[in-house]
Amino acid sequence: MSARTLPLLFLNLGGEMLYILDQRLRAQSIPGEKARKDEWTDVDRKRVMNDIISTMFNRKFMEELFKPQDLYSKKALRTVYDRLAHASIMRLNQASMDKLYDLMTMAFKYQVLLCPRPRDILLVTFNHLDAIKDFISDSPGILNQVDETFRRLIETYSCLSDGEFQLIRQTLLIFFQDMHIRVSIFLKDKVQNSNGRFVLPISGAVPWGTEVPGLIRIFNHKGVEVKRAEFTTAGNYVTPQREGSFELYGDRVLKLGTNMYSVTRPVETHVSGSSKSLASQAKENIAPNPLAKEELNFLARLLGGLDIQKPAGGESGFRLNLFTTDEEEEHAAKTRPEELSYKVINIEATQEPGRRAELSRILGELDVAEPRPGSAEKGEDLLALMDGL
């Protein structure tokens with residue numbers, strides 16, 4: 001697995017999250033002069049987007065994120081997005097948060113599958129960041145935060161070889177391999193089957209730097225071409241006009257990673273009926289995870305960098321519903337399989353004697369083996385890290 005995958009995964013999933021939230025906030029917003037106190041306005045939408053993006057691109061948070069490290073479990077990353085989505089006045093209940101995360105992951109999975117070259121995953125990331133910059137174009141301070149991350153991406157990834165990008169792509173595909181959630185947009189566009197698996201095209205532009213298939217060249221032992229033969233291909237291929245820009249500004253050419261919600265249309269999700277998929281995800285929850293303790297340290301470091309904005313004074317948070325009606329949201333919360341739901345673990349570490357019991361309970365939920373003799377010191381370090389949550 002690649003130790004350079006986590007920043008790309010986080011930024012692309014975060015970009016998809018912002019696309020969805022912006023679309024839903026626009027759909028539910030009311031003109032300011034007509035809105036009641038408990039209704040969304042465009043001012044509220046901008047505030048939510050600014051708060052989340054500012055938190056997402058926090059300098060301390062990015063420094064932790066870009067440190068070389070292995071990917072962690074879906075549970076660990078899901079906890080980060082739960083915290084991030086609530087970094088403003090917006091509040092999502094469990095069903096809407098589940099749906100949001102499903103949409104994020106399936107969209108980015110499709111983009112990774114369609115990338116012509118492994119290196120183009122970086123262009124997909126740049127497309128997400130370009131769109132994020134448009135969201136906060138009137139906030140220079142936050143814009144500088146995004147540009148700083150942009151430069152960090154260029155510095156970190158521009159020097160990597162094609163082989164290293166291939167390893168990053170494989171790491172991402174391993175992360176997504178058991179996720180087969182049906183999304184209405186993909187089903188209507190016929191790019192996803194009823195079992196939640198994607199349909200990959202056999203036509204289109206070939207990767208930059210390659211030729212359209214259909215010609216076989218034969219060389220002799222001296223490396224001189226001696227014969228050519230043509231063959232018929234099943235698809236219709238074209239050569240790309242130019243390579244996408246890997247600079248801070250420029251034409252990315254590749255459209256993967258752009259906002260597919262810019263045109264209003266429903267974005268329902270359905271859990272695939274595949275018993276294999278359900279069993280795989282249930283197995284993830286049951287099987288002991290030897291990295292769970294490291295994941296807790298990882299979350300403590302990452303979440304410690306998230307400066308969550310709490311509603312000031314008596315101001316209450318606005319609830320956002322990602323479903324068409326409240327009834328649909330309630331039904332989804334009741335019918336969603338337990339093994340596919342994630343729980344946010346709230347950790348309150350204190351100096352009281354009961355804190356070790358609290359840690360044991362948390363570690364038990366994450367399937368961590370009991371600490372061996374002599375490991376108390378590490379437990380204390382872990383609790384100290386959690387004090388900042």
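**Reading a predicted fold**

Biologist: How many residues lie between β4 and β5 in their hairpin?
Modeller: Five residues separate β4 and β5 in this hairpin. Gly223 sits in the turn, with a positive phi of about 85°. Strands (E, at least two residues) and helices (H or I, at least four) are DSSP runs, numbered from the N terminus.

Biologist: What kind of model is this?
Modeller: This is a predicted model, where local features need pLDDT of at least 70, side-chain atom pairs count only at pLDDT 80 or more, and totals for chains, interfaces and linings use all residues. Residues are numbered from 1 along each chain as its sequence is written, and side-chain values use heavy atoms, leaving out hydrogens and water.

Biologist: In which sense do β4 and β5 pair?
Modeller: Two strands pair if DSSP finds at least two bridges between them. Strand β4 (residues 215-219) pairs with β5 in the antiparallel sense, over five bridges. Arg217 has Arg228 in β5 as its bridge partner.

Biologist: Why does β5 lie largely in the open?
Modeller: Buried means under 20% relative accessible area, exposed over 50%, and partly exposed in between (1.4 Å probe, protein chains only). Strand β5 (residues 225-230) has six residues and the number buried is zero, so it lies largely in the open. Across the protein, buried residues make up 46% of the 389 residues.

Biologist: Which residues have the most contacts inside the largest nonpolar core?
Modeller: In soluble globular proteins, nonpolar side chains tend to be buried together. A nonpolar core is a set of buried Ala, Val, Leu, Ile, Met, Phe, Trp, Tyr and Cys residues joined through side-chain atoms within 4.5 Å. The largest one here has 78 residues. Leu9, Phe10, Met17, Ile53, Tyr81, Leu153 and Tyr157 have the most contacts inside it. Helix α1 (residues 6-28) gives the largest share of this core, twelve residues.

Biologist: Which residues is Ile53 in contact with, leaving aside its neighbours within four places in sequence?
Modeller: Contact means heavy atoms within 4.5 Å. On that basis Ile53 is in contact with Leu18, Ile132, Phe135, Ile136, Ile142 and Val146, its neighbours within four places in sequence left aside.

Biologist: Where is Pro118 placed?
Modeller: Pro118 is in the loop between α5 and α6 (121-135). Not counting residues up to four places away in sequence, Pro118 touches Phe165, Gln166 and Arg169. Pro118 and Gln166 are 48 residues apart along the chain, yet 5.2 Å separates their C-alpha atoms.
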